[in-house]
Structure formats: C-alpha cells, structure tokens
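Grab a pencil and open the viewer. Below are a few exercises, each with a solution that goes step by step.

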Amino acid sequence: LELIILKLGGSVICDKSKPFSIRRRVLRRIANEISKFLKEEPEKKLIIIHGGGSFGHYAVQEYLSLKGILDLEALVNVERIMLELSTTLADYFIDAGIPISILTTHSLVMIDDERELIINTRYIEQFLRMGVVPMMYGDLIISSKGSIKVVSGDTLAWELAYRLKANKLLFATSVDGVYSSKPEFPNAILLNELSLSSMINKVTYSETSVYDVTGGMFRKLIEGIGKIRPSMKVYIFNGLRAGEIYRALKDRPLKGTVIKP
Ligand SMILES: Nc1ncnc2c1ncn2[C@@H]1O[C@H](COP(=O)(O)OP(=O)(O)OP(=O)(O)O)[C@@H](O)[C@H]1O
Ligand SMILES: [Mg+2]
C-alpha cells in the first residue's frame, strides 16, 4: 500500500509575519485539493503534518525571550495554541470530507536522552489501516530527562517517513522549492533537484522570518540526511500555488525541487 506524508508548512497555512494569522482561503482550497485526491485514489494512505506557522513559532519565541527557557507554563500554553491551530485545520478538512483524526504530538512523541524521538508508530499505523488520515504537528514535547523541547513538523515528517517506510514525502511551503541562493535575490535559480550529500552546502539560505524557532529551509534539508530510502520520493514545492498540492499528491507538481540522498 502506498503511504504519502504531506507536510503543510506553517508558512502556507499562516502568514508567518503576523502572530496568530490563519490563511483561511488557502485552507479551504487545500482541503478541497486533498479531498479530491483521496476520492480519486481511496486506496492511498495519507498522513498530514503541519508546522507551527505564526502560532507555535511566535509563542515559543515569546517565552524564550521573556524567560530564556521553556518551562511548564510555556509547555501547556504552546500545546494549547498548537492544538487550536490544528483544530482549525481539522474543521476545514473534515468539512471537505477528509477523515482527519488529530494525533496531538505531545501525547504521542517523547524525546529520549535529549535526542532520539520515541514515537508510538503502531498507534499511527492502526489509524491508517482503519482509513483515517492522522494529522500531527510541530509542538513542544517532554524528554525523559525532564526538559521541554521543540519538535518541528519537518522533524516529525522525516522521522515518520523513514520509520513507516513512506513512498512519498511532500513538503508544501511558501516558495517554489529550493533556490541556489536566497529566494528574494533576483539571480536565485530554482533547483529542479538537490542531493543532500553533495549540494546542501552549495546553496545559500536567507535568515528565517522574525518568528521562527526551527531554522527554515536549511534545517528542513539537513534533517533529511539519512532519512531517504531508495523507494521514497521527496518533493519541496509551493503550497500557496493553487492546485499544486493536488498535483504533488498526483506526482506531477508544476515546479519544485526533488530531494535526493
Ligand atoms: N535557498 C533557499 N531556497 C528556498 N527557500 C529558502 C532558501 N533560503 C531561505 N529560504 C526560506 O525558507 C522559507 C521556508 O521555511 P519556513 O520554515 O519559513 O517555512 P515552513 O517550514 O513551510 O513553515 P513552518 O516552519 O512554520 O512549518 C521560505 O520562506 C524561504 O524564504
Ligand atoms: Mg520551517
């Protein structure tokens, strides 16, 4: 059975320059695109992961600048804010006929020894078998050493794709793909393909938005090292372009970057 993991960038579902701003028109469109795809190909399994956008990134940044650390107050409030964002997405998706179940990241994922993620994948797989589209997101999680950590939607996407042997990992973001240099530069060229082992340091990356705690495009790529199986296709493409998520699910985005090991 084919498994697809779709990571909806926080930059697609939110305006990352404004705290707590949801792009509702975009959400409605994306919901219809995913729903159309699942109706055409009901045998395909799908997991949706979304980023923190102007919710998680903003709130974590606020706590870090106020207190310098992530404490229990940050934990419960960021968890609450991210669940609120996820619930908003679920409203649009379920109304469009997508059988979404939100699997709150902080109740399913923990960090061991400050590094390795402990994920209850059996639980996720059972939801998939039952025809549910599980949805998870970037969140704050607890570690076995008692600290509180940020887990990005990108990290979850790569980890789940690797552990569940996904056939396709799709990163919808706010730009057309990976550029040779900062995308706002006029001479930046969109790369059709990027090999993580040979190209990652030949690209230059711009600073991430004011509200960003997980490192933007560079971290998105770095975290893929060692996670791409031979049977796995990975695309980064523009989720703000109408129809592009549908086309990417169908394996034919108009533009974008194919990521190779
Ligand atoms: N060389 C580059 N090529 C493409 N994008 C780049 C590059 N350098 C920096 N970027 C920036 O990376 C951003 C995408 O990363 P960002 O983390 O903001 O989005 P996201 O992962 O979709 O959102 P979230 O982290 O909330 O899920 C783009 O807005 C783009 O401007
Ligand atoms: Mg990001």
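## Exercise 1: Strands side by side

β3 and strand β6 (residues 133-137) pair in the parallel sense over three bridges. Two strands pair if DSSP finds at least two bridges between them, and strands are DSSP E runs of at least two residues, numbered from the N terminus.

A word on the ground rules: this is a predicted model, where local features need pLDDT of at least 70 and side-chain atom pairs pLDDT 80 or more, while totals for chains, interfaces and linings use all residues. Residues are numbered from 1 along each chain as its sequence is written, chains are lettered from A and ligands numbered from 1 in the order in which they are written, and side-chain values use heavy atoms, leaving out hydrogens and water.

*Solution.* 
- Step 1: look across from I102 and you land on M135 in β6.
- Step 2: trace the open sheet, whose eight strands run in the order β3-β6-β2-β1-β9-β11-β12-β10 with mixed pairing.
- Step 3: check the edges, which are β3 (100-102) and β10 (193-195), each pairing on one side only.

## Exercise 2: Two faces of a strand

*Solution.* 
- Step 1: recall that in a regular strand the side chains alternate between the two faces of the sheet.
- Step 2: find the neighbour. Strand β4 (residues 109-112) pairs with β5 in the antiparallel sense over four bridges, and M110 stands opposite I118.

## Exercise 3: Around the ligand

*Solution.* 
- Step 1: count the shell. With a heavy atom within 4 Å as the cut-off, 26 residues surround ligand 1, and K7, G10, S11, Y179 and K220 are the closest.
- Step 2: α1 (10-13), α3 (53-67) and α8 (216-222) each supply at least two shell residues, and α8 gives the largest share, three residues.
- Step 3: list contacts. An oxygen atom of ligand 1 is 3.1 Å from an N or O atom in the side chain of H57, and a nitrogen atom of ligand 1 is 3.1 Å from a polar backbone atom of T204.

Note on methods: A polar contact is a pair of N or O atoms within 3.5 Å; within protein, one must be able to donate a hydrogen and the other to accept it, and residues adjacent in sequence count only if both atoms are side-chain atoms.
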